[in-house]
Amino acid sequence: MKRAKYFILASTFLGFTIAGNISHAQDAALTRCMKTYLDLKVSPDMALSECRKMSMMDCVKSLAGTPYVAFSIKEEDGKFLVDVGNETSRWMEGKTWDQIGCSAFQKGPYRRQSDKYAGMFGSGERSYEWFRQAWCTKSQVQLEQPYSLEEAKLRCELGVEIAPKLVTPKPN
């Protein structure tokens with residue numbers, strides 16, 4: 001009887017703690033995990049702690065290495081301002097944004113690199129620009145780059161999609 005009360009208490013606590021953040025399948029997995037630990041006479045608190053760790057590891061394993069998904073931070077006139085986040089290795093040149101059906105947001109965060117070159121037909125200076133944001137027809141864009149282990153861990157810890165931190169555009 002006492003064990004049943006612990007199980008009900010732990011299940012209720014678990015339900016309130018993760019409600020809305022984890023899918024029903026994950027919720028069921030946590031409940032099964034809790035039952036397994038409680039059957040072994042482990043305290044509900046310890047069972048919950050261990051099951052959360054296992055759930056977190058499963059989430060990170062399933063997400064790490066999968067294609068990164070960038071989300072919109074703003075909608076305007078049927079277009080979405082998609083932000084690829086702080087990781088500058090994900091920022092793309094205008095042509096690359098065009099290839100995925102988006103238009104680079106040139107008033108937003110960007111980085112520029114210039115260099116001199118000497119070739120067979122002359123020399124000169126060339127400049128490259130990578131843009132963090134673009135206006136797209138879809139609210140999210142899947143990139144070829146995978147989630148890093150750290151990004152996967154953060155996303156799983158939060159239990160929600162990571163919205164990129166907004167950066168104030170640079171004046172031109």
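Biologist: Is Cys102 buried or exposed?

Modeller: In this predicted model, the relative accessible area of Cys102 comes to 5%. A residue counts as buried under 20% relative accessible area, so Cys102 is buried.

Biologist: Which residue forms a disulfide with Cys102?

Modeller: A disulfide is a covalent bond between the sulfur atoms of two cysteines. The sulfur atom of Cys102 lies 2.1 Å from that of its partner, and pairs within 2.5 Å count as a disulfide. The partner of Cys102 is Cys136.

Biologist: How many residues apart are Cys102 and Cys136?

Modeller: The link of Cys102 and Cys136 is right-handed, with 115° about the S-S bond. Cys102 belongs to strand 3 (residues 102–104) and Cys136 to strand 6 (residues 133–136), so the pair links distant parts of the chain, and Cys136 itself is buried at 1% relative accessibility. The two cysteines are 34 residues apart.

Biologist: How many disulfides does a search of the whole structure find?

Modeller: Besides the bond of Cys102 and Cys136, a disulfide joins Cys59 to Cys156, with S to S 2.0 Å. Cys59 lies in helix 3 and Cys156 in helix 5, so this pair ties together parts that are 97 residues apart in sequence. The search of the whole structure finds two.

Biologist: Are helix 3 and helix 5 parallel or oblique to each other?

Modeller: Helix 3 (residues 44–63) and helix 5 (residues 149–158) pack with their axes 9 Å apart, at an angle of about 135°. Angles over 145 degrees would count as roughly antiparallel and those from 65 to 115 as roughly perpendicular, and helix 3 and helix 5 are therefore oblique.

Note on methods. Residues are numbered from 1 along each chain as its sequence is written. This is a predicted model: local features need pLDDT of at least 70, side-chain atom pairs count only at pLDDT 80 or more; totals for chains, interfaces and linings use all residues. Side-chain values use heavy atoms; hydrogens and water are left out. Axes are lines fitted to C-alpha atoms, for helices over the stretch in contact, and angles run from 0 to 180 degrees between N-to-C directions. Helices (H or I, at least four residues) and strands (E, at least two) are DSSP runs, numbered from the N terminus. Angles under 35 degrees count as roughly parallel, over 145 as roughly antiparallel, 65 to 115 as roughly perpendicular and the rest as oblique. Buried means under 20% relative accessible area, exposed over 50%, partly exposed in between (1.4 Å probe, protein chains only).
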